[in-house]
Amino acid sequence: MLDPSDLAHRIATVHEAIASAATASGRAPEAITLVAVTKTHPVETVRAALAAGLKDLGENRVQEMVEKAAAYPGGAAGGEHRWHLIGALQRNKARDAALTADLVHGVDSLRLAEALGARAADAGRTLPALVQVNISGEATKSGVPPDAAHDLMTAVAGMPGLRLTGVMGIAAPARDNADAEQIVRPAFRRLRALFDTYTGPGREHLTVVSMGMSDDLRLAIEEGSTLVRVGTALFGSR
């Protein structure tokens, strides 16, 4: 079980890291949303996170999000916190995602967007969604290729049931500082540029650049992230 004082210390440390990176890059710390990633942790972790004042929670798997949201409903069900679906989404899980998530980060194909939009529209929702871009170039990573990102963004923006809200990407892991500067930073810079240069439909709703996790949030914030997804630094390894 999480010790409340330890969790409070971890949260403060992460907030300090966010504030430091934001200030160093001339940005306001409050412009960065912290999503606490509770994936694979028990529902007690969700309770502790909410009690500690965290308002945005992230899950990789739809079913796990649904189960935890049943105990602690998010904004889609009238709650005061938000559930973020940050992992890959299969089309056959679109209905559960559309009913439960407050923001879906991983829209990486037209077919998925169509399924998700249809399910959200059926439920009378307009679901905020991010287009996931494969900024690392890794075959194991989900996401649309960077040169196809704007086309998918345009499609999502015109999809009934969805609201294009921004972009999401995951950088390749860095082995050292050299990797961080040569591989991670350019990847984050690429994603921010895709966000900034999009001029298609729905541009007025774009507010989110979801990039950066426990190990690389400093670089992500320096390169323009508006939302970081942090699990291990808050809750420890799984």
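User: Where does Glu59 lie, and what makes that stretch a strand?

Analyst: Glu59 sits in β2, residues 56-59. Strands here are DSSP runs of E with at least two residues, helices are runs of H or I with at least four, and both are numbered from the N terminus. One heads-up: this is a predicted model, where local features need pLDDT of at least 70, side-chain atom pairs need 80 or more, and totals for chains, interfaces and linings use all residues. Residues are numbered from 1 along each chain as its sequence is written, and side-chain values use heavy atoms, with hydrogens and water left out.

User: Why is Glu59 called buried?

Analyst: Its relative accessibility is 0%, so it counts as buried (under 20% relative accessible area; exposed is over 50%, partly exposed in between, with a 1.4 Å probe and protein chains only). Skipping residues up to four places away in sequence, Glu59 touches several others, including Thr38, Lys68, Trp83 and His84; contact means heavy atoms within 4.5 Å.

User: How do you know that the length of α5 agrees with what a helix should span?

Analyst: The expected span is 1.5 Å times one less than the number of residues. For the 13 residues of α5 (110-122) that gives 18 Å, and the end C-alpha atoms are 18 Å apart, so the two agree.

User: Which residues of α5 are buried, and what do they pack against?

Analyst: Leu112, Ala113, Ala115, Leu116, Gly117 and Ala120 are buried. The buried residues pack against α4, β4, β5, α6 and β6. After α5 comes Gly124, with a positive phi near 75°.

User: What makes the pair Lys141 and Glu138 a polar contact?

Analyst: Their side chains come to 2.6 Å. Lys141 is in the loop between β5 and α6. Lys141 and Ala172 are 31 residues apart in sequence, yet 9.0 Å apart in space, C-alpha to C-alpha. Leaving aside neighbours within four places, Lys141 also contacts Asn134, Ser136, Ile170, Ala171 and Pro173.

User: What kinds of residues make up the lining of the largest pocket?

Analyst: The lining divides into 13 nonpolar, nine polar and nine charged residues. Ala, Val, Leu, Ile, Met, Phe, Trp, Tyr, Cys and Pro count as nonpolar, Asp, Glu, Lys and Arg as charged, and the others, Gly among them, as polar. α7 gives the largest share of that lining, four residues.

Note on methods
A polar contact is a pair of N or O atoms within 3.5 Å; within protein, one must be able to donate a hydrogen and the other to accept it, and residues adjacent in sequence count only if both atoms are side-chain atoms.
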